[in-house]
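Have a look at the chain first, and then I'll walk you through the pairs.

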Amino acid sequence: PDWASALELLDDSGGQIMIHAADAGGERAYYEVDWAQGRHALVVGSEAQGLSPQVRKAATDGRVELVAIPLAMQPHCRHEPQCSEKGTGMVESLNAAVAGSVILCEAHRRILTKS
């Protein structure tokens with residue numbers, strides 16, 4: 001279903017399903033969520049455009065929590081001089097499948113260990 005329909009279904013749970021969305025700008029790290037407590041839904045945006053404006057609005061409204069995957073900073077890239085020419089040396093993002101997998105693996109681990 002589209003986002004409006006999905007949100008309506010989740011809202012019909014009476015607040016029993018917490019909705020999280022993977023976003024690099026999330027204020028909370030994915031591993032800080034207590035995945036073993038209650039029921040959760042995870043939204044992952046598209047590779048090209050990330051989260052939709054509707055999901056971002058729901059986050060602003062407090063109906064969706066943005067969760068981030070902290071990424072490593074690499075002071076020295078093995079591809080010097082290319083990296084130093086670009087001036088980055090940081091991991092900028094993960095693709096959608098990897099981001100969703102990382103978060104779901106942590107949620108599953110937490111549920112199995114109840115911690």
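So, Glu65 is partly exposed, at 24% relative accessible area; buried means under 20%, exposed over 50%, and partly exposed is in between, using a 1.4 Å probe and protein chains only. Its partner is Arg28, and the closest N and O atoms of that salt bridge are 2.9 Å apart. By salt bridge I mean a side-chain nitrogen of Lys or Arg within 4 Å of a carboxyl oxygen of Asp or Glu. This pair links distant parts of the chain, with Arg28 in strand β2 and Glu65 in strand β4, 37 residues apart. Helices (H or I, at least four residues) and strands (E, at least two) are DSSP runs, numbered from the N terminus. Arg28 is partly exposed too, at 30%.

Quick word on the source: this is a predicted model, where local features need pLDDT of at least 70 and side-chain atom pairs count only at pLDDT 80 or more, while totals for chains, interfaces and linings use all residues. Residues are numbered from 1 along each chain as its sequence is written, and side-chain values use heavy atoms, leaving out hydrogens and water.

Searching the whole structure gives five salt bridges. Another one joins Arg56 and Asp23, with 2.6 Å between the closest N and O atoms. Arg56 sits in helix α2 and Asp23 in the loop between β1 and β2, so this pair ties together parts 33 residues apart in sequence. Asp23 is buried, at 16%, whereas Arg56 is partly exposed, at 35%.

Last stop, helix α4: Arg110 and Glu106 both lie there, four residues apart, about one turn. Their closest N and O atoms are 3.1 Å apart. Arg110 is buried at 14%, and Glu106 is buried at 11%. Arg109 joins these two in a network of salt bridges.
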